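Please look over the sequence and the structure shown here before reading on. The paragraphs that follow lead through the model one topic at a time.

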Amino acid sequence: QVQLVESGGGLVRPGGSLRLSCVASGKIGGLYAMGWYRQVVGRQREFIATSTNRDTTDYADSVKGRFTISGDFVNKTVYLQLNSLKLEDTAVYYCSAEGLGTNGSPRQYWGEGTPVTVSS
């Protein structure tokens with residue numbers, strides 16, 4: 001059974017920093033990407049950043065230059081460094097892992113989320 005466990009969320013002042021971690025356990029066939037999304041109550045979950053097993057990364061425009069993702073595909077771990085945090089970064093942050101399901105089709109796995117609150 002695949003499990004993704006996030007940690008590192010918390011309360012921080014505007015301009016502050018946090019580092020989120022996510023560790024995946026269980027077998028993920030063909031793991032090729034790990035990433036982060038976030039969601040505010042009443043809104044859709046939005047893409048934040050992704051790291052691939054080919055050493056490529058991608059970011060949402062809203063976090064470029066402030067957040068940095070790093071993936072360790074050997075240990076199935078992904079980190080997200082959040083700098084220069086803004087009030088609007090407040091959300092629950094979810095870890096994602098993308099691989100192949102038992103039938104060979106793409107499958108995306110999710111963690112339970114870790115809350116980030118930016119407040120003065």
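The torsion about the S-S bond of C22 and C95 is about -80°, so the disulfide is left-handed. In this disulfide, C22 is joined to C95 with an S to S distance of 2.0 Å, where a disulfide is defined as a pair of cysteine sulfur atoms within 2.5 Å. The pair links distant parts of the chain, since C22 belongs to strand β3 and C95 to strand β9, 73 residues apart; strands (E, at least two residues), like helices (H or I, at least four), are DSSP runs numbered from the N terminus. Both C22 and C95 are buried, where buried means under 20% relative accessible area, exposed means over 50% and partly exposed lies in between, with a 1.4 Å probe and protein chains only. A search of the whole structure finds one disulfide.

This is a predicted model, in which local features need pLDDT of at least 70 and side-chain atom pairs count only at pLDDT 80 or more, while totals for chains, interfaces and linings use all residues. Residues are numbered from 1 along each chain as its sequence is written, and side-chain values use heavy atoms, with hydrogens and water left out.

The largest nonpolar core has 29 residues, and those with the most contacts inside it are L4, W36, F67, L80 and Y93; such a core is a set of buried Ala, Val, Leu, Ile, Met, Phe, Trp, Tyr and Cys residues joined through side-chain atoms within 4.5 Å. Among the elements that give two or more residues to this core are β3 (18-25), β4 (33-39) and β9 (91-100). Leaving aside neighbours within four places in sequence, L80 is in contact (heavy atoms within 4.5 Å) with residues including W36, I48, F67 and Y93.

The charged side chains can be followed next. The structure holds four salt bridges, each a side-chain nitrogen of Lys or Arg within 4 Å of a carboxyl oxygen of Asp or Glu. D89 forms one with R38, the closest N and O atoms being 2.9 Å apart, and this pair links the loop between β8 and β9, where D89 lies, to strand β4, which holds R38, 51 residues apart. D89 also forms a salt bridge with R66, with the closest N and O atoms 2.7 Å apart. R38, E46, R66 and D89 are linked in a network of salt bridges. D89 is buried, with a relative accessible area of 0%, and R66 is buried at 10%. The salt bridge between K64 and D61 (3.2 Å, N to O) involves a partly exposed K64, at 47% relative accessibility, and an exposed D61, at 65%.
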